[in-house]
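The sequence and structure come first.

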Amino acid sequence: RCRRLSMNNLSKDNIIKMCNISHVFFGLDDNYEIELSNDSVTITYNPIDSEDSVKDYRMLISLNVDYGNGNICPVLAQIDTGAVDSGFVDSFFSRASLVNLGETIVRGVTGKMKSTKTECLVRFPNGHETVLKGSTMKDIGDVSILIGMDLLSTCKFSSEPYENGFRYKLTFL
């Protein structure tokens, strides 16, 4: 279970008595409905249609990530069909203690930047597991992982409008 490490976990001699990875999970809200099968995940985003509501048109999905040593924690991922490769935000790379697999240069809409290649084991809501490879990138709010075409090309991906939002489906081959 992921919890924040607080100062209450230090004894008077300043020795840590308990250690957990600091992690805050922002999940999908009530506007999302998830349907699961053995080989697919279907997510329907149908926000309330009102003038006051702010609609989020990102394709979001909750994943469980292996932080090592049996620590499985939920993170929020964004599906990006315009991204060639998957990515991990810098804060997640540090927080999850992902392995540095070497330096690289990534190109994006903001130009070129130095990045670190890395990978981690991810589990989709239906239980499908895969090792997601990618590079670090700048933090983008509540999203920890960007799923690019490198992963999407290994499965069947479909997206369609649905009422006030949309529906998308990942079928793992």
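E163 sits in the loop that joins β10 (155-162) to β11 (165-172); helices (H or I, at least four residues) and strands (E, at least two) are DSSP runs, numbered from the N terminus. The model is predicted: local features need pLDDT of at least 70, side-chain atom pairs count only at pLDDT 80 or more, and totals for chains, interfaces and linings use all residues. Residues are numbered from 1 along each chain as its sequence is written, and side-chain values use heavy atoms, with hydrogens and water left out.

E163 is not a glycine, yet its phi is positive, near 45°. S97, also a residue other than glycine, has a positive phi of about 50°. Most residues other than glycine have a negative phi. S97 belongs to the loop between α1 (90-95) and β6 (103-108).

Buried means under 20% relative accessible area, exposed over 50%, and partly exposed in between (1.4 Å probe, protein chains only).

| Residue | Relative accessible area | Class |
|---|---|---|
| S97 | 58% | exposed |
| E163 | 61% | exposed |
| K156 | 53% | exposed |
| L151 | 8% | buried |
| C120 | 5% | buried |
| C155 | 9% | buried |

## Fold and surface

The protein chain contains two helices and eleven strands. Along the sequence their order is β-β-β-β-β-α-β-β-β-β-α-β-β. Of its 173 residues, 35% are buried. Among contacts (heavy atoms within 4.5 Å) with a separation of 6 or more, 55% are between residues 24 or more positions apart. The accessible surface, from the Shrake-Rupley method with a 1.4 Å probe and, for residues, only the protein chains shown as cover, is about 10400 Å², and carbon and sulfur atoms account for 49% of this surface.

No disulfide (a pair of cysteine sulfur atoms within 2.5 Å) turns up in a search of the whole structure.

## Core and pocket

A nonpolar core is a set of buried Ala, Val, Leu, Ile, Met, Phe, Trp, Tyr and Cys residues joined through side-chain atoms within 4.5 Å. The largest one has 38 residues, of which I61, L63, F92, F124, I145 and I147 touch the most other members. Leaving aside residues up to four places away in sequence, the contacts of I61 include V41, I43, F124, I147 and L170.

The largest pocket has a volume of about 710 Å³. Its lining comprises 28 residues, and V106, R107, G108, M137 and L146 are the closest to its centre. Two or more lining residues come from each of β5 (86-89), β6, β7 (111-123) and β8 (129-137). On a 1 Å grid over the protein atoms alone, a pocket is an open set of points where a 1.4 Å probe fits, with protein on both sides within 12 Å along at least five of seven lines; lining residues have an atom within 4 Å of a point. Grid points are joined across faces, edges and corners, and the volume is the space filled by probe spheres set on them.

L151 is part of helix α2 (residues 149-152). Beyond four places in sequence, L151 touches S86, F124, T130 and L132. Its C-alpha atom is separated by 9.9 Å from that of G134, 17 residues apart along the chain.

K156 lies in strand β10. The C-alpha atoms of K156 and L170, 14 residues apart along the chain, are separated by 5.8 Å.
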